Amino acid sequence: MINVGIIGAGNIGHTFCQAALYYKDDLCLYAIASRDIKRAKLYQDKYSFEKTYNSYQELYSDPQVDLIYIATPHGLHFEQMMDILDYKKHILCEKAFTLNASQADRVFKKAKVKQCFVMEAMWTRFLPVIQAIQKEVKDGNIGKVMYIKADFCFKADVDESHRLLNPKLGGGALLDVGIYPITFANIFLGQAQSFKSQVQLSDKGIDLSESIEYYYQNAKAHLKASIIENQPIIAYIYGDLAYVVIEGFFYAEKASVYNHQKQLIKVIDIPHKVNGFEYEIKEVIECIHQNKLESQIMSHKDTINMLKQMDDLRETWKLKYPQEK
Ligand SMILES: NC(=O)c1ccc[n+]([C@@H]2O[C@H](COP(=O)([O-])OP(=O)(O)OC[C@H]3O[C@@H](n4cnc5c(N)ncnc54)[C@H](OP(=O)(O)O)[C@@H]3O)[C@@H](O)[C@H]2O)c1
């Protein structure tokens, strides 16, 4: 049995807990830590945690905790992982893993020394629909992939204090939602040779929306991310034989394949067993059981690669988080 401790009794912790209950023979929701014990108790009432803590440090030092799920804003992840590794706990850390590639590299180096499993919780990579589309592409059913379009734009109805608008917490569109279209393009086209981008910055230096073009030898990707515009969240993969449409691509349960006469030729329909987080959680359980230090599906190299691409984008936007100045 793997005992899980969660830090941060906020929004995404609920999604994780609901999916974790699906594996109750392998995983125990053991401890939850919050800066406010009342929030931890609410989680305990809902998910039957054995322990509640009102400091993250107390949870790290509990010898019964095997794995820590980090459910706090991205700007805090680096320091938290460096602390947690001192206690030799395995880690599943929410996306974005860290603020930049250099922080991620330091975490992975320390995890290796401490012999701990560490993985970024980029759940999209584990979705069976995404993996089925990867197989369609690999089997040549889409033809040569020539163009990808992926948009993740939504209007965040939050006040100034929210993590999305707080530079110190890694606020902005890029690390919150931009990471998804970038991941999507990397899954299906690999790393681009060059890029162009446009950004809209707030007066506090937060990236509110961005449009990114990735150029490959014989292909192109057009990606959009925003926290100020409501638009359909959708991705397209155009090949020279067929094209794929994936609504809500970051949580997708369904994809439709069309030929170039716009006729629907295949529907890939794989409903979640819970909410979609169950697939990344299954990977964590399997890796820990097999004493692996990293997942092959969300490898350390991939996490660093995604962050490096976001570092490169931010460099052209002259956007640094306060921790980087
Ligand atoms: N995979 C996905 O689909 C998905 C979806 C949403 C979010 N996420 C990721 O999950 C992480 C958390 O997002 P969220 O939406 O759950 O955020 P949230 O509800 O705003 O915050 C999560 C928790 O972080 C803790 N926290 C610790 N220090 C904080 C500080 N200085 N300011 C604010 N919160 C602080 C708080 O927990 P306590 O006060 O209880 O200690 C808070 O409840 C982010 O990295 C985000 O990108 C992933």
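Modeller: Let us call it a salt bridge when a side-chain nitrogen of Lys or Arg lies within 4 Å of a carboxyl oxygen of Asp or Glu. The model is predicted, so local features need pLDDT of at least 70 and side-chain atom pairs count only at pLDDT 80 or more, while totals for chains, interfaces and linings use all residues. Residues are numbered from 1 along each chain as its sequence is written, and side-chain values use heavy atoms, with hydrogens and water left out.

Biologist: How far apart are the closest N and O atoms of Lys-135 and Asp-139?

Modeller: Side chains of opposite charge can pair when their charged atoms come close. Lys-135 is exposed at 52% relative accessibility, and Asp-139 is partly exposed at 45%, where buried means under 20% relative accessible area, exposed over 50% and partly exposed in between (1.4 Å probe, protein chains only). The two form a salt bridge, and their closest N and O atoms are separated by 2.7 Å.

Biologist: Which helix holds both Glu-286 and Lys-282?

Modeller: These two residues form a salt bridge, with closest N and O atoms 3.3 Å apart. They are four residues apart, about one turn of the helix, and both lie in helix α8.

Biologist: How much area do domain 1 and domain 2 bury between them?

Modeller: An automatic or database domain assignment gives the bounds, with domain 1 at 2-122 + 277-287 and domain 2 at 125-274 + 306-324. In contact (heavy atoms within 4.5 Å) are 22 residues of domain 1 and 24 residues of domain 2. Buried area is the accessible area (1.4 Å probe) that two parts lose on being put together, summed over both. With 67% of it on carbon and sulfur atoms, the area buried between these domains is about 2,100 Å².

Biologist: How many salt bridges are counted between domain 1 and domain 2?

Modeller: The centres of the two domains, taken over C-alpha atoms, are separated by 26 Å. Between domain 1 and domain 2, the salt bridge count is one.

Methods:
Helix = DSSP H or I, 4+ residues; strand = E, 2+ residues; numbered from the N terminus.
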